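The structure is shown first.

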There are 2 protein chains.
Amino acid sequence: MTYCVALTLSEGLVMLSDTRTNAGVDHISTFGKMHQFEVPGERSICLMTAGNLAITQSVATLLREGLDGAGGTDTLYTVPTMFKAAQLVGAAVRQVYHTDGAALREQGVGFDVSFLLGGQIATRNLRLFEIYAAGNFIEATTDTPFLQIGEHKYGKPILDRAVTFDTPLYGGVKLALISMDSTLRSNLTVGLPIDLMVLRRGAIHAELRRRIGEDDPYFRMIRESWSEALREAYRVIPLPDWRTDPV
Amino acid sequence: MTYCVALTLSEGLVMLSDTRTNAGVDHISTFGKMHQFEVPGERSICLMTAGNLAITQSVATLLREGLDGAGGTDTLYTVPTMFKAAQLVGAAVRQVYHTDGAALREQGVGFDVSFLLGGQIATRNLRLFEIYAAGNFIEATTDTPFLQIGEHKYGKPILDRAVTFDTPLYGGVKLALISMDSTLRSNLTVGLPIDLMVLRRGAIHAELRRRIGEDDPYFRMIRESWSEALREAYRVIPLPDWRTDPV
């Protein structure tokens, strides 16, 4: 499985993905699921992928090498807006489905993929999209400033409670890491290292790209602090007085 | 959907279920998913159900009214041990599958059910089982003293971190309620009220049975304290110093 989370905040964009892939629990590998398409000052686009690795790699390659469109060959380096970037990801998914969908179906393999696409192109707004296996997509808004793909449930409660559009950028980094930690702790098919990207609104250049492994002192501190904070929070809640109730 | 969680601790058993059922998001109802089979001093057995309501109600009825077995008609009031109680639940599931499975399959409805069965019969050990749709089952142990059915992922991180076999009985109640709160907060198909049962080891009589609704002051306090504790725990974690890293 996979866990990817992206936050679009007033100050900018946070994207975080794990790197574990598995074909059964005895076939586990590390593959990056975060793909960068950046020309500093002109565009900074980040794609994260979940689902069947053969499909997602094909999609990422098409987005880098080009799909034939109305105006010639389009890539994530040539599209003029983030909306058209999301459309291009959708078109790439549909092209892979057109090529591989029937054969996968015959083998009983689902066409199971999803994508988070975030970024900013100069003079345009920073935007964040989730693209589905059918090639259609939704956009994150100020009401719901985070999107998740893959194994999203373990890490959702903290996001539901703490993320708002006005969360500061590195507060968003902390929340994404806490959300990832909850997922790592409860699901073996999501694994370290993890890839982090931070894009400040208007900068058109990722201000941070970091691969975080087992020995990263900050992430290790977050994991320990968070576990301890949860246990402490549970301890300080008083016991119910129900035990004296008549049964 | 449904969320049910059960903890088997050194001091006893905690069982907690929600009451929401849904056939689509526009057809939501309240149905108890917790079924008690108790003769105080002789046996105290509690069954919680998840999945297709028609199936789980049929199973619960069979367990109350009786299945024909080797020694006549068996119910959860007549089986001599908790192990045989788990076998009886499995047999009831298989009987309903035998009756309804083919027709459900023709309608494209999965035979999708699971059960948590916990309790104690006098002179025997307190035990907790999870029974699957095939009628087979597993038992909770001191290594893994909790079991969950239904929408289990949102509420798992706190259990993974804080539940041990030596957690005190009402500490277990707190943890089950926190786990339920995480699920309620993140998934609309799990809903209040919730049903709680506490059975102290050796007592052979539930010392607490309580339906907890929106206006319950203790559960409301837990929900507020927990949300605030999570936000506070996130706030006190320091920011990373990565922002000064070279990109």
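## Sheet of chain B

Arg43(B) has Ile121(B), in strand 9 of chain B, as its bridge partner. Helices (H or I, at least four residues) and strands (E, at least two) are DSSP runs, numbered from the N terminus. The model is predicted: local features need pLDDT of at least 70 and side-chain atom pairs pLDDT 80 or more, while totals for chains, interfaces and linings use all residues. Residues are numbered from 1 along each chain as its sequence is written, and chains are lettered from A and ligands numbered from 1 in the order in which they are written.

Strand 6 (residues 43-51) and strand 9 (residues 113-121) of chain B run antiparallel and are joined by 9 bridges. Both belong to an open sheet of 5 strands in the order 5-6-9-10-11, with antiparallel pairing (two strands pair if DSSP finds at least two bridges between them). Strand 5 (34-39) and strand 11 (137-139) of chain B are the edges.

## Contact between the chains

In all, 38 residues of chain B are in contact with 38 residues of chain A (C-beta atoms, placed from the backbone, within 7 Å). Helix 5 of chain B gives the most to its side, with 10 residues.

Helix 5 (residues 217-236) of chain A and helix 5 (residues 217-236) of chain B pack at about 150°, axes 10 Å apart (axes are lines fitted to C-alpha atoms, for helices over the stretch in contact; angles run from 0 to 180 degrees between N-to-C directions). The two helices are therefore roughly antiparallel (over 145 degrees). Trp226(A), Ala229(A) and Ala233(A) meet Trp226(B), Ala229(B) and Ala233(B) in this contact.

Definitions and conventions. Angles under 35 degrees count as roughly parallel, over 145 as roughly antiparallel, 65 to 115 as roughly perpendicular and the rest as oblique. Two residues are in contact if their C-beta atoms, placed from the backbone, lie within 7 Å.
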